[in-house]
Amino acid sequence: MRALLRRIVRDEGGWTVFELLVVCVISIVVLGIPLTLATQAWRGQNEASSRGAATNRVEIGMARLMQDLRSAVHTTTVTATGATLTVPVRSAAGGAVPTTQQVVWSCTAGASCTRSVAGGTAFPIIPNLVSATFAPTSASGSTATPQTDPAYVQVTIGVRDTNETGIRTATVARMTNAITISDGTALRNFAL
């Protein structure tokens, strides 16, 4: 019986604690590297997506502002952070004399650029505003602000991007540079 037990014990294979520890460490490294790379790729994609969405929002808002500026008629006042514009409105009846309405753009750093029409509610058009600069230039070349009926207006808008859940106050952790877009237009409906 004793000989049988010795033979059974001798035939049993197994791992020592040290061998098991080495296998665990190697397994963690082999699985950890791809998981780390996948996590970094996911974060990078999230940041790029967030930055793209913020860029789209400011481009759409800037296009609306440029459209209002291009459409403006006389009695337009431009300050360093906004503009009060008089824009034509097509009448439903197709009258010969177009009517006008007042459109007010107002930008507040740390908040948004808002647009109100005919004294109505100001709606945020460009959210997450870091900075906004309106730089009017008169037909004679003056760049003083405020300015009434400028010939050209340069607008520079800076915004921060938000996280993918849409929380407007939370910025993406590694994105420290504001997204800055600049555009300008001649106010073409003016009689100079």
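**Strand pairing and a surface patch**

Mentor: In this predicted model, Cys-107 stands opposite Cys-113 in strand 4.

Trainee: What makes strand 3 and strand 4 a pair?

Mentor: Strand 3 (residues 99–107) and strand 4 are joined in the antiparallel sense over five bridges; a pair requires at least two bridges between the strands, so the two strands count as paired.

Trainee: How many bridges join strand 4 to strand 5, and in which sense do these strands run?

Mentor: Strand 4 and strand 5 (residues 123–126) run antiparallel and are joined by three bridges, and since the requirement is at least two, they too count as a pair. Within that pairing, Arg-115 stands opposite Phe-123 in strand 5.

Trainee: Which residues in the two hairpins take a positive phi?

Mentor: In the hairpin of strand 3 and strand 4, with five residues between the strands, Gly-110 has a positive phi near 85°. The hairpin of strand 4 and strand 5 also has five residues between its strands, and there Ala-118 in the turn has a positive phi of about 55°.

Trainee: How much of strand 4 is buried?

Mentor: Four of the five residues of strand 4 (residues 113–117) are buried, and the strand is therefore described as mostly covered, where buried means under 20% relative accessible area.

Trainee: Why is Leu-35 called exposed?

Mentor: Leu-35, which lies in helix 2 (residues 17–71), has a relative accessible area of 58%; exposed means over 50%, so Leu-35 qualifies.

Trainee: Which residues form the nonpolar patch on the surface?

Mentor: Leu-35 forms this patch with Phe-18, Val-22, Ile-26, Val-30 and Leu-31, and together they have about 630 Å² of accessible area.

Terms used. Residues numbered from 1 in each chain as written. Predicted model: local features only at pLDDT ≥ 70, side-chain atom pairs only at ≥ 80, totals over all residues. Heavy atoms only, no water. Patch = residues over 30% accessible without salt bridge, like charges linked within 9 Å, V, L, I, M, F, W, Y side chains within 5 Å. Areas by Shrake-Rupley, 256 points an atom, 1.4 Å probe, with all protein chains shown as cover. Salt bridge = Lys/Arg side-chain N within 4 Å of Asp/Glu carboxyl O. Buried < 20%, exposed > 50% of the residue type's maximum accessible area, 1.4 Å probe, protein only.
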